[in-house]
Amino acid sequence: MIRFEDASVTYPGGVLALRDLSIEVDAGEFVVIVGLSGAGKSTLIRAVNGLVPLTSGKLQVNGREVTELSRAGMRELRSEVGMIFQGFNLVERTTVLNNVLMGRLHRVPTWRTLLGMYPKADIDIAARALGQVEIIEKAYTRASDLSGGQRQRVGIARALAQEPSIVLADEPVASLDPPTSHVVMRYLQQISRDLGITTIVNLHFLDLATAYADRIIGLRDGMLVFDGPGSACDAQVFEDIYGRSLTADDTMHKQAAL
Amino acid sequence: MTVPTVGIQAPNLPPKPRPSLFAIGGTLAAIAMTIVTARSVGFSFGGIVTNLGRKNSVIEGLLSPDWGQIWSRRSRAPFIETFQLAVLGTATGSLLSLPLALWSTRFGNPNPFTRGILRGFNNVIRSIPDLLWALLFVSAVGIGALPGLLALFFFSLAVTTKLTSDTLDGIDMGPIEAANATGANLSQMLRTAVVPQILPAYSSFVLYNFEINLRASAVLGLVGAGGIGNRIEFFRGRGEWEELWGLVFMFFLVVFVVERISVTLRRRLI
Ligand SMILES: Nc1ncnc2c1ncn2[C@@H]1O[C@H](COP(=O)(O)OP(=O)(O)OP(=O)(O)O)[C@@H](O)[C@H]1O
Ligand SMILES: [Mg+2]
């Protein structure tokens, strides 16, 4: 479970990226965060695994106070939280399998990592993760030889290899075309359902959000402006979030048709 | 008057920027410095011509080198020593340079204090030339192969750390973020997210470093730090120029072959 309590983040330079945010995400929920560019979506997601520290307020993740964690405690927390990135963040020069094995690092002794000698059990877990996103045949391909959609599936597999209870995805489909975006979103949804993984996804397009989310959280200027099921996300809500009415730019399909 | 060009008139270029004062001043300073230094070392073209015309046993030796040196048993040992020095110096120095370069980066070493110390150390060893290292260690541990090895170790450390550090400046930070987000520790992050990115370039630097070391090890012997340079110095002292040139040609051949191999290998790495 994730619980923000009056959480605020001010970046060095004075930008208030989150203001007194209080939300609770239950185990197994599939939540999509929407908002304008600069609304604080990435900040919210990165706060969950401590990549961005809170300036004030409280944040509890899986029973831990994130603001009070030691270095080792933070690594422990991060090992339970898988992360998926807009730019995939794969190591291009190495194999898909090596990239996915990164998800096992918290369970693998350092000397084994340094020598590149991963235990069989961890390789099996990585292979299973690759199987879950149906890309196991590419295990020994270099990441640089994959398409964008394939890369993001490897990104998902890396997160899955952590055997996480939470998955965070920061605009996971922003670099992909519409059909590929749907493929990736379906994998995320299916994994969340099958494995009961709490999933938080940042999305740019509202139609994509309503299509996949159990629950949508709208941010504007670092403040919560909407929190409810996708079905409740009407034109009025949209105006609250985006400060204007819906245009073709805001939905993937209308934009793709242009 | 002018040849008519086809089509429309070329657009006017914006006014040409004037050469900067800095460039003019720099050029003038360079010329002035060359003249001043040439005069102070007593350089004159006349001198070169007169000296070349004179009977000169060094040049004569060059014209009839003693090819027997290539097979000579007594030259083989220092040769092998040169090779050993170059290999060992490269292996030890460049092996240590990898962690040193990694720990000198912001992402590889979050502690600004130790990072500053390491960077300072890198800058100091980089500013000491190979021959000075050799002199330093010859006076510290006496003549022989050991000071040569120590000199090449520090020299390699300096060269490969510098080149590797420059490569580290340009790597993709995405994988680092990804590794940190999985809960990896620092060493694990460096090994899985950073090392694969720089490994080809680093291997190429190690090979390049070996080339330089092979050449450098010839000079090291001149100050008593072992290897082929000792033998060259020996012939020089006795005025045996034919033998000296035979040895130098052989060394040149070896360096040439090693360099060709290294260049080919390095091209395949990057
Ligand atoms: N590292 C940083 N340093 C300073 N300011 C930052 C930093 N990261 C983000 N910000 C600022 O904080 C605010 C929120 O940024 P955030 O990245 O969370 O927005 P976002 O909703 O993810 O936007 P986008 O859709 O463009 O990714 C923005 O005004 C941004 O400029
Ligand atoms: Mg963002």
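1. Start with Trp133(B). In this predicted model, Trp133(B) has 5% relative accessibility. The cut-off for buried is under 20%, so Trp133(B) counts as buried.

2. Trp133(B) has an aromatic partner, Phe154(B). Trp133(B) sits in helix H6 (residues 130-141) of chain B. Phe154(B) sits in helix H7 (residues 145-169) of chain B. The pair therefore ties together parts that are 21 residues apart in sequence.

3. Over all chains, the count comes to nine aromatic pairs. One of them joins Phe79(B) and Phe251(B). Their centres are 6.1 Å apart and their planes stand at 50 degrees, so this pair is tilted. The pair links distant parts of the chain, 172 residues apart. Phe79(B) belongs to helix H4 (residues 73-103) of chain B, and Phe251(B) to helix H11 (residues 241-269) of chain B. Are these two residues buried or exposed? Both Phe79(B) and Phe251(B) are buried.

4. Now turn to ligand 1. The residues around it include Tyr11(A), Val15(A), Lys41(A) and Glu171(A). By type, the shell divides into five nonpolar, five polar and two charged residues. Helix H1 (residues 41-48) of chain A gives the largest share of the shell, three residues.

5. Look at the contacts with oxygen atoms of ligand 1. Thr43(A) places a polar side-chain atom 2.4 Å from an oxygen atom of the ligand. For Ser37(A), a polar side-chain atom lies 2.5 Å from a ligand oxygen atom. Ala39(A) uses its backbone: an N or O atom there lies 3.2 Å from an oxygen atom of ligand 1. Taken alone, ligand 1 exposes 640 Å², and the protein buries 61% of that.

6. What does S8(A) pair with? Strand S3 (residues 30-35) of chain A runs parallel to S8(A), joined by four bridges. Here Val32(A) has Val201(A) as its bridge partner. Strand S7 (residues 166-170) of chain A also runs parallel to S8(A), with five bridges. There, Val167(A) stands opposite Thr199(A).

How values were computed. Residues numbered from 1 in each chain as written. Chains lettered and ligands numbered in written order. Predicted model: local features only at pLDDT ≥ 70, side-chain atom pairs only at ≥ 80, totals over all residues. Heavy atoms only, no water. Phe/Tyr/Trp six-rings, centres within 6.5 Å; stacked < 30°, edge-to-face > 60°. Helix = DSSP H or I, 4+ residues; strand = E, 2+ residues; numbered from the N terminus. Buried < 20%, exposed > 50% of the residue type's maximum accessible area, 1.4 Å probe, protein only. Near = heavy atom within 4 Å. Polar contact = N/O pair within 3.5 Å; in protein donor to acceptor, adjacent residues only side chain to side chain. Areas by Shrake-Rupley, 256 points an atom, 1.4 Å probe, with all protein chains shown as cover. Nonpolar A, V, L, I, M, F, W, Y, C, P; charged D, E, K, R; others polar. Pairing = 2+ DSSP bridges.
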